[in-house]
Amino acid sequence: MEGVSPDQESVGSGTKRSSVSSGSKSRNRKEFFNRFSDSELFTVKLEDWFQEVSESSRTKKSVFDVPFELIDLQKFDYALEGISFQQLIRMPSTLYASASDGVEATSYLAVEDFLHASVKGLWEAFWSQDQPMPFTVGCLYRNNLKFYQAEKAIATGKLEGLSAAGVLLKNARHPHGKWDQILTLAVLSPDIGNHAVDHESYPSPSVLGEALFYAVRMLLSRSLSKSNYSSGLNSVFVFLFNSWYGGVIKVEGDLSRLEFDLNNVYECAAEWIKRYATISVSSIDRIWNELGNANWGDIGALQILFATFHCIMQFAGVPKHSIEDLAADHSSRLQTRRVERELGDVRVNGNGLFRFQQKSVSPEILEVQEDSIKVKSEEIVKLKVGSVLWLEDSNSQKGYQINELLIWGELQFYIASPVEEPGKSLFLYVGSRISQLEAWEDMNLWYQVQRQTRVLTVMKQKGLSSKYLPQLCASGRIIHPGQCRRPSSGGNCDHPWCGTPILVTSPVGETVADMVNGGRFSSEEALRCCHDCLSALSTAASAGIRHGDIRPENVICVRSGVGQPYFVLIGWGHAILEDRDRPALNLHFSSTFALQEGKLCSASDAESLVYMLYYASGDAFPDLDSVEGALLWRETSWSRRSIQQKLGDMSTVLKAFADYVDSLCGTPYPMDYDIWLRRLKRNIHDEDPGKEIDTSG
């Protein structure tokens, strides 16, 4: 295992020293990197700084910022609910209590296995289950700064020379690793235990110095790299482990401020750390239990996983599945669990915990006081009619005057007009910061604003255009009163409104629910509604998008004053963009397949549309309080043809459409939208018979 340091290997590969194109500045940096190889010498140069940190920690609650906010960790925790992590090699709980080489050897094997399980689980969940994981793990040998599998190092008697474990890109040409291809390093040391007891202290200078040493080396190697994936990365994560606890250190900064004096490499690097680096240190929390198993759901492991996620993203790019997407599944799982336990639909309200028991379509509200559940009223954005809200998107600032407050069930939103176009009406939705969603048990606001924004953006990117689909007018973050002190690194300031998401859509209209309640939904409206909703579904289906939440509150009737009124299918927050997405579950309007499998078949949206028209016909729904009851009602109603007969009272074509949907339910056969759009179009009576009804997507 002895040999030259991989410094020349990793940085200088493919570049001849005699190359005229490499200037003196580049050569100085490479030589600086090669000479920067002793963590102890570097730690000595930081002794005065460590003393200052120690003194400051006695007077200040926190000297360093934390790398992650608790809010972000909570959201990440929900995203990991459906992901399985398994550490097969247990961490020995007696590490460092004994001088046994066997215990120390097993600890390195356990750390390697922990890192492997972490990277593998995250890669398959967020990036790809089909493509092989492009990363590997190994241990760093102090004498030559090369990487080896722990088993091989132990077998060759080099256990004492191991100093850290790391995650690297797989590289067959460089089996001992390249420093510019290191995702993260983990230092195994007994000197972090005290910090777990006293969260206001920090790791010992020797541990912190070693971690900062590795961080600087990684940043230097990346700055010298010719690889596209690493040359622009100016932040690194280093983990701290012992047999019980773990933590995260994040170092970021601009290396152009580093003085590359070859005669004083350690002084220069130490000076850069003191003056220009931004260092974040997490709390040191429990990771392994007494059996040596990782507590994957606890804060200690969660911090490591979240840092690992960011490390993978630095090298693999934006994940295929975002944290928000996976976290959104928590609501579906929570709803499924409540159905399994035959409980009512529970949501969090500012006055306590309320139980919603659905009877007919309107829920009866039974209040169950829960003092432990509180939402600060000042944190909720409340807009008054006549006030002006300003939002900030990526390019500009836009103002909207609030004209009307609308309340649908437990959700509220607004009708507003752009400041520059007072006569134009738009829907304006105000979301909520993650911190104000109590444990994310109520995800309705998130679906209404953040998730729907993403879906409408995807539609826009794919060029989907139809007057029967809502149009994304603007989205961004609210500009709150007073000065915003949002940190430059991102996140929100202390103002309770900071970071609140806003979504603005068009057109504006009256919901089918309000029309039915007001007795304004005739058979003519039913035909037009069915046609227009099918047209919207057809347009979305052409891009592989399904709605997943069709109900009377998510269909509006638009009366522009010119031509006939038309219907727009709104509420796309639960839309299915890919196979892993899950629809909303509604005992009255969800399709049979959705209630049975938690997924949509090709006819599921059409089946939900039929149930909505059945409700609009005026026939009351039975009281449904369980999935079993809802499925029994569907089976009985379809077999007795009561749904078809009721729709037949409004129109024979609607009865035929219901029969067609019944024949497709649960099958893989695709919907034939075109034929039913033509049939419905022929039965709609327009005042102007020469006017075509737009069925284009």
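The following questions and answers concern a predicted model of a protein chain.

Me: How many helices and how many strands are there in the protein chain?
Reply: The protein chain has 697 residues, and 53% of them count as buried. Its secondary structure comprises 21 helices and 20 strands.

Me: What share of the contacts with a separation of 6 or more lies between residues 24 or more positions apart?
Reply: A contact here requires heavy atoms within 4.5 Å. Among the contacts in the protein chain with a separation of 6 or more, the share from residues 24 or more positions apart is 67%.

Me: Which residues have the most contacts inside the largest nonpolar core?
Reply: The largest nonpolar core consists of 80 residues. A second, separate core has 61 residues, including Ala125, Val167, Trp296 and Ile323. Inside the largest core, the residues with the most contacts are Phe521 and Leu534.

Me: Which residues does Leu534 touch, not counting those up to four places away in sequence?
Reply: Leu534 belongs to the largest nonpolar core. With residues up to four places away in sequence left out, Leu534 touches Leu609, Phe657, Met671, Tyr673, Trp676, Leu677 and Leu680.

Me: Why does Trp390 count as partly exposed?
Reply: Trp390 lies in strand β12, which spans residues 388-392. Partly exposed residues fall between the buried limit of under 20% and the exposed limit of over 50%. Trp390 therefore counts as partly exposed, because its relative accessibility is 38%.

Technical notes:
Residues are numbered from 1 along each chain as its sequence is written. This is a predicted model: local features need pLDDT of at least 70, side-chain atom pairs count only at pLDDT 80 or more; totals for chains, interfaces and linings use all residues. Side-chain values use heavy atoms; hydrogens and water are left out. Helices (H or I, at least four residues) and strands (E, at least two) are DSSP runs, numbered from the N terminus. Buried means under 20% relative accessible area, exposed over 50%, partly exposed in between (1.4 Å probe, protein chains only). A nonpolar core is a set of buried Ala, Val, Leu, Ile, Met, Phe, Trp, Tyr and Cys residues joined through side-chain atoms within 4.5 Å.
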